[in-house]
Amino acid sequence: MRRSVVRGIGSYLPAKAVTNNDLAAIVDTSDEWIVERTGIRQRHIAAEGETTCDLAVAAARAALDNAGMSAADIDLIVLATSTPDNTFPATATSVQAALGMTHGAAFDVQAVCSGFVYALSVADAMLKAGTAERALVIGAETFSRILDWSDRTTCVLFGDGAGALVLEAQEGEGTLDDRGVLATKLHSDGRYKDKLYVDGGPSSTKTVGYLRMEGREVFKHAVVNIASVMAETLEMVGMSADQVDWVVPHQANKRILDSTAKRFGISEDKVVLTVDRHGNTSAASIPLALDVAVKDGRIKKGDVILMEAMGGGFTWGAALVRW
Ligand code: ACO
């Protein structure tokens, strides 16, 4: 059975870190409020002229180095983003060009904060089907460009960044001992599209627009949907929560992560938390968190990792991977 095995990981954060106190100088907020409600202490913000593609390319190069590969070895790029450089072409093709790749296929996936789980699921299916052999799966965002910096209810929550995985199709035994992607599960429910959205777009307003959110509604659905899709994903392969070594969640908000861990029945010290340092980087948050936990030695080869996310749409999903 073909498995999509992780061969490399890399990430990139813009140089500029913005603290809660920095934000308190521009909107009516405080470090105390932001830390208590979200767990966020700082976020990174892209420099003027630094685009989602730039962040994605830096993360992709780091992942290729980590894998000991070059762009010539890759024949698929799936890039998750809701903040593309342009309406079209896909930012993935700009990344492809920057890496000097003229072969293979590159495209974007748009599922907001669930984007990375969606991209991973799509790339896994393509590798398993034999459509490609080695894929770069990237989550990259510059949410700072779609924030209303006068709205304290949203601008304190998000940050910019990128993370990337190199996946390679390898023959496995077809058992749960195989390394690679073991299961993915995706959901969406468009009835909730107005709870978290951007109030502009090429076909509606001909503008880019700003992020709008009903925070409490999102919170309520996030905890229920995430805990349920985590359980569903484990059930697909007959695993139990105690067989999971690390949960690597989309980093939206520490309170969501704590409530989800409790509902799912996993101890908080098995949950990788980076929202304090990165804020919510949407599709980039899972690979950024994975990279932190791999580099600091927590995630080791052979560990079982459960990734989960929920975002605008609503979309939500989970991916179970043996590292
Ligand atoms: N600083 C100070 N006060 C604030 C701020 C701020 N940055 N933002 C809101 N407030 C005020 C509000 O105006 C309100 O004041 P009022 O009582 O005088 O009207 C008060 O704080 C409480 O506001 P609520 O919105 O009820 O606060 P809540 O406890 O729900 O926290 C939050 C808001 C943090 C957004 C929360 O709802 C939440 O975490 N929601 C999940 C949203 C999320 O994480 N979205 C990310 C994208 S989706 C995803 O990734 C899953």
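Predicted model: local features only at pLDDT ≥ 70, side-chain atom pairs only at ≥ 80, totals over all residues.
## The second largest pocket

When the lining of the second largest pocket is sorted by class, it has 14 nonpolar, eight polar and five charged residues.

## The largest pocket

The largest pocket holds about 860 Å³ of space. It is lined by 34 residues, and the closest to its centre are Ser82, Thr83, Pro84, Ile146 and Val208.

Strand β9 (residues 196-198) provides the largest share of the lining of the largest pocket, which amounts to three residues. The classes in this lining are 14 nonpolar, 14 polar and six charged residues.

## The cavity

Empty space of another kind can also be looked for inside the model. Rolling a probe the size of a water molecule over the atoms shows where empty space is left. The count of cavities of 30 Å³ or more comes to one, and the largest cavity has a volume of about 50 Å³.

The residues that line the largest cavity are Met230, Val247, Pro249, Leu257, Thr260, Ala261, Ile266, Val271 and Glu308. Both β11 (246-249) and α8 (254-264) supply at least two residues of this lining, and α8 accounts for the largest share, with three residues. By class, the lining of the largest cavity divides into seven nonpolar residues, one polar residue and one charged residue.

How do the axes of helix α3 (residues 52-67) and helix α4 (residues 91-98) meet, and at roughly what angle do they cross? The two axes come within 9 Å and cross at roughly 55°. Because of this angle, α3 counts as oblique to α4, and α3 passes α4 in a right-handed crossing.

On the α3 side, the contact is made by Thr52, Cys53, Ala56, Val57 and Arg61, while α4 brings Thr91, Ser94, Val95 and Ala98 to the contact. Sorted by class, the contact of α3 with α4 has five nonpolar, three polar and one charged residues.

Terms used:
Residues numbered from 1 in each chain as written. Heavy atoms only, no water. 1 Å grid on protein atoms, 1.4 Å probe; cavity = no way out; pocket = protein on both sides within 12 Å on 5 of 7 lines; lining within 4 Å. Points joined across faces, edges and corners; volume = space filled by probe spheres on them. Helix = DSSP H or I, 4+ residues; strand = E, 2+ residues; numbered from the N terminus. Nonpolar A, V, L, I, M, F, W, Y, C, P; charged D, E, K, R; others polar. Axes fitted to C-alpha atoms, helices over the stretch in contact; angles between N-to-C directions. Parallel < 35°, antiparallel > 145°, perpendicular 65-115°, else oblique. Left-handed = near helix turned anticlockwise from the far one by under 90°. Contact = heavy atoms within 4.5 Å.
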